[in-house]
Amino acid sequence: SPMQAGSVGGVDGKQFFRQARNQLSYEAFNEFLACIKRLNNQQQSREETLDQARAIFGHELQHLYREFEALLNRHAIVP
């Protein structure tokens with residue numbers, strides 16, 4: 001339901017990555033993983049990572065971007 005798409009409380013990292021993999025193209029998903037890897041390696045900031053994720057998810061997958069942002073806020077990002 002639309003209510004659940006916006007609610008982030010129940011989203012865990014594994015579930016999020018499964019959704020992202022299912023909804024992004026192969027190239028976009030790999031680009032997204034590369035962003036997270038750079039963040040984990042401290043090669044880029046959290047803000048840069050969010051900017052890149054926003055571009056990758058685009059308007060159509062904005063709900064996934066919001067879930068990613070919430071996960072990042074909780075530091076629960078481990079692909």
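Good morning. The accessible surface of the protein comes to about 5,200 Å², and carbon and sulfur atoms account for 50% of that area. Accessible areas come from the Shrake-Rupley method with a 1.4 Å probe, and for residues only the protein chains shown count as cover.

The model is predicted: local features need pLDDT of at least 70, side-chain atom pairs count only at pLDDT 80 or more, and totals for chains, interfaces and linings use all residues. Residues are numbered from 1 along each chain as its sequence is written, and side-chain values use heavy atoms, with hydrogens and water left out.

Let me begin with the overall layout. The protein has five helices and zero strands, and its pattern along the sequence reads α-α-α-α-α. Here helices (H or I, at least four residues) and strands (E, at least two) are DSSP runs, numbered from the N terminus. Of the 79 residues, 35% are buried, where buried means under 20% relative accessible area, exposed over 50%, and partly exposed in between, with a 1.4 Å probe and protein chains only. Among contacts between residues at least 6 apart in sequence, 58% join residues at least 24 apart; contact means heavy atoms within 4.5 Å.

Which residues of the largest nonpolar core touch the most other members? They are Phe 16, Leu 24, Phe 32, Phe 57 and Phe 68, in a core of 20 residues. Two or more residues each are given to this core by α2 (13-23), α3 (26-40), α4 (46-57) and α5 (62-73). The largest share, six residues, comes from α3. By nonpolar core I mean a set of buried Ala, Val, Leu, Ile, Met, Phe, Trp, Tyr and Cys residues joined through side-chain atoms within 4.5 Å. In soluble globular proteins, nonpolar side chains tend to be buried together.

Two helix pairs deserve attention. The axes of α3 and α4 come within 10 Å and cross at roughly 175°. Axes are lines fitted to C-alpha atoms, for helices over the stretch in contact, and angles run from 0 to 180 degrees between N-to-C directions. The crossing angle therefore makes α3 roughly antiparallel to α4. Angles under 35 degrees count as roughly parallel, over 145 as roughly antiparallel, 65 to 115 as roughly perpendicular and the rest as oblique. On the α3 side, the contact includes Phe 32, Cys 35 and Arg 38; on the α4 side, it includes Thr 49, Gln 52 and Phe 57.

The second pair is α2 and α5, which pack at an angle of about 150° with their axes 11 Å apart. These two helices are therefore also roughly antiparallel to each other. Among the residues making the contact are Phe 16 and Ala 20 of α2, with Leu 64 and Phe 68 of α5.

Beyond its neighbours within four places in sequence, Thr 49 is in contact with Cys 35, Leu 39, Gln 44 and Phe 68.

Gln 52, also in α4, is partly exposed at 26%. Leaving out residues up to four places away, Gln 52 touches Cys 35, Arg 38 and Gln 44. Gln 52 and Cys 35 lie 17 residues apart in sequence and 7.3 Å apart in space, C-alpha to C-alpha.

Gln 42 sits in the loop between α3 and α4. Gln 42 is exposed, with a relative accessible area of 72%, and has a positive phi of about 60° although it is not a glycine. Thank you.
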